[in-house]
Amino acid sequence: MMGFRAVLLRDLRLAIRQSADLALVLGFFVIAASLFPFGVGPSPDTLARIAPGVIWVLALLSVMLSLDRLFQQDLADGSLEQMALSPTPLSLVVLAKCLAHWLTTGLPLIAIAPVIGILLNLPAEGYAVLLAGLALGTPSLSLIGAVGAALSLGARRAGLLIALLVLPLYIPILIFGVTAVDAVLTSVQPTAHFLYLAAILMAAIPLAPLAAAAAVRHGVEG
Amino acid sequence: MHRFANPGQFMRVADKVLPWIVALCLPLIAAGLYFGLYASPPDFQQGETVRIMYIHVPTAFLAQGAYVVMALGSASFLIWKHPLGDLIARSAAPIGCVFCIICLVTGSLWGRPTWGTYWVWDARLTSMLILLFLYFGYLALANAFDDPARGDKPAAILALVGVVNIPLIKFSVYFFNTLHQKSTLAGDLFGAVFGEPEAAVQAENLPADLAAAAAQQGGDLPPEMLLPLMLMLAGFTLAFLALLILRLRGEFASVRLRSLRAGFRAEPRGA
């Protein structure tokens, strides 16, 4: 558990000291969202209709763009190798890194999502369910993303490769996140969608770090 | 079983079996085509378009089957470090990918006359599309490293991660409201286990005639349609095995070539 805390605090400290990275991700989130009114026309009804989907897709892409931060630097400066050699189980280290990644990417995205909701004219009753869905879904994005990031360690064009590996696996989260908001907007209970999101998260917490740790170990050795 | 994990041993057996597989597969497909295209009746609702089924169902089955083969090969590679498992997975991936594309294309050609649309975003079609993306991801990852042997383990892990999608495809027609019909072959069995939902279709998204068509679909096949379908299924499965062995031969040769080259380079010049 000490190793877990140490990695978590270290990654958080690193992320805060390099907060320009975080600003870039959030900047991408906001700027990409502001493209949609130009793309589909600024009619409030159209924007309100697509707002949940746009916010979710952009949250997905923003998380994906920040995934290389997870292992790439640590591989380059050798600290990943030290973590792999340390007595702390590597899957626990990966879990700590995922938690740090979520705290420094997912959480800020959730905080800024209401602003984008306003830009896109999201109806007032959609906010609570959108934020709850993001809170339940973005940790899974970090966890599944860690698998993709670990698998592409040392590959050519790793950034593009991560997109190809991770986006198909993100689709279920996207579906349930968006349909939860749509359900509330058409006055249906969103409980079932939340249960699906929670189930995905509960499966990802134990399984994704295992797969990612195996891939990290291979990436470090190669 | 582990005796055949030696690639050399396995290939010797596979090379002996290959001509038999080909000899069995061609007549089966020929008979399947004959019964499918001539000697079976058109569907009372769909007319002649029902014959697309004889290609669509076997390719759908094999697109998923090839992924399972890939995942099993990857698992045996990761667990027992059998190099053969990795070779099998690498060989099965492009074949499964092509079957998946054929399945999606024939499905959408079939969808146009029967559902009135080439594509709908429902559970079965979407999960099949995700399967195609998983194949793309696997092929990209397996070939993304300068040293091809470096890609083996990441690709194997990805194949195992992606396997969650397979049951999702299989049961997508039972868990969600979908336009796609229920299982063609094992309809009764799965229906009994999971409780065949009323063929409810989200009416607000679909035109009325479409919804009615979907509601009447599914169920049992008459024997004269079942026969060509089974022939085609068996024929396509054997074709898959034949292609797999041919690709395995290629992968095996390229691995040997690489190790020969590496050995050659390791020799000091002029020594």
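Below is a chat about a predicted model with chains A and B.

Colleague: Which elements of chain A have the lowest and the highest mean pLDDT?

Modeller: The lowest mean, 89, belongs to helix H4 of chain A, residues 68-76. H7(A) has the highest, at 95.

Colleague: Let's stay with H7(A), then. At what angle do H6(A) and H7(A) pack?

Modeller: The angle is about 150 degrees, and the two axes are 8 Å apart. H6(A) covers residues 90-119, while H7(A) covers residues 127-151.

Colleague: Why are they called roughly antiparallel?

Modeller: Angles over 145 degrees count as roughly antiparallel, so H6(A) and H7(A) get that description. Their crossing is right-handed.

Colleague: Which residues make that contact?

Modeller: There are quite a few to click on. From H6(A) they include Val94(A), His101(A), Trp102(A), Leu109(A) and Ile110(A). From H7(A), among them are Tyr127(A), Leu130(A), Leu134(A), Thr138(A) and Ala146(A). By class, the contact of H6(A) with H7(A) divides into 16 nonpolar, 6 polar and 1 charged.

Colleague: What is found in the loop between H6 and H7 of chain A?

Modeller: Asn121(A) is one residue to look at there. Its phi is positive, about 65 degrees, although Asn121(A) is not a glycine. Most residues other than glycine have a negative phi.

Colleague: Is Asn121(A) buried, exposed or partly exposed, and why?

Modeller: Asn121(A) counts as partly exposed, because it has 17 C-beta neighbours inside 10 Å. A buried residue would need 20 or more.

Colleague: How do H2(B) and H5(B) cross?

Modeller: They cross at roughly 130 degrees, and their axes come within 8 Å. H2(B) and H5(B) are therefore oblique to each other, and the crossing is left-handed.

Colleague: Which residues meet there?

Modeller: On the H2(B) side you have Met70(B), Ala71(B), Ser74(B), Ala75(B), Phe77(B) and Leu78(B). In H5(B), the partners are Asp152(B), Ala156(B), Ala159(B) and Leu160(B). That contact of H2(B) with H5(B) has 8 nonpolar, 1 polar and 1 charged residues.

Colleague: New topic: how many residues are in contact between chain A and chain B?

Modeller: 16 residues of chain B are in contact with 16 residues of chain A. On the chain B side, the elements giving two or more residues are H4 (123-142) and H5 (152-162) of chain B. The largest share comes from H4(B), with 7 residues. That side of chain B divides into 12 nonpolar, 1 polar and 3 charged.

Colleague: Last one: where is Leu14(A)?

Modeller: Leu14(A) sits in helix H1 of chain A, residues 2-17. Leu14(A) counts as partly exposed, because it has 16 C-beta neighbours inside 10 Å. Met2(A) is 12 residues away along the chain, and the C-alpha atoms of Leu14(A) and Met2(A) are separated by 18 Å.

Terms used: Residues numbered from 1 in each chain as written. Chains lettered and ligands numbered in written order. Predicted model: local features only at pLDDT ≥ 70, side-chain atom pairs only at ≥ 80, totals over all residues. Helix = DSSP H or I, 4+ residues; strand = E, 2+ residues; numbered from the N terminus. Buried ≥ 20, exposed ≤ 12 C-beta atoms within 10 Å, placed from the backbone. Contact = placed C-beta atoms within 7 Å. Nonpolar A, V, L, I, M, F, W, Y, C, P; charged D, E, K, R; others polar. Axes fitted to C-alpha atoms, helices over the stretch in contact; angles between N-to-C directions. Parallel < 35°, antiparallel > 145°, perpendicular 65-115°, else oblique. Left-handed = near helix turned anticlockwise from the far one by under 90°. pLDDT = per-residue confidence, 0-100.
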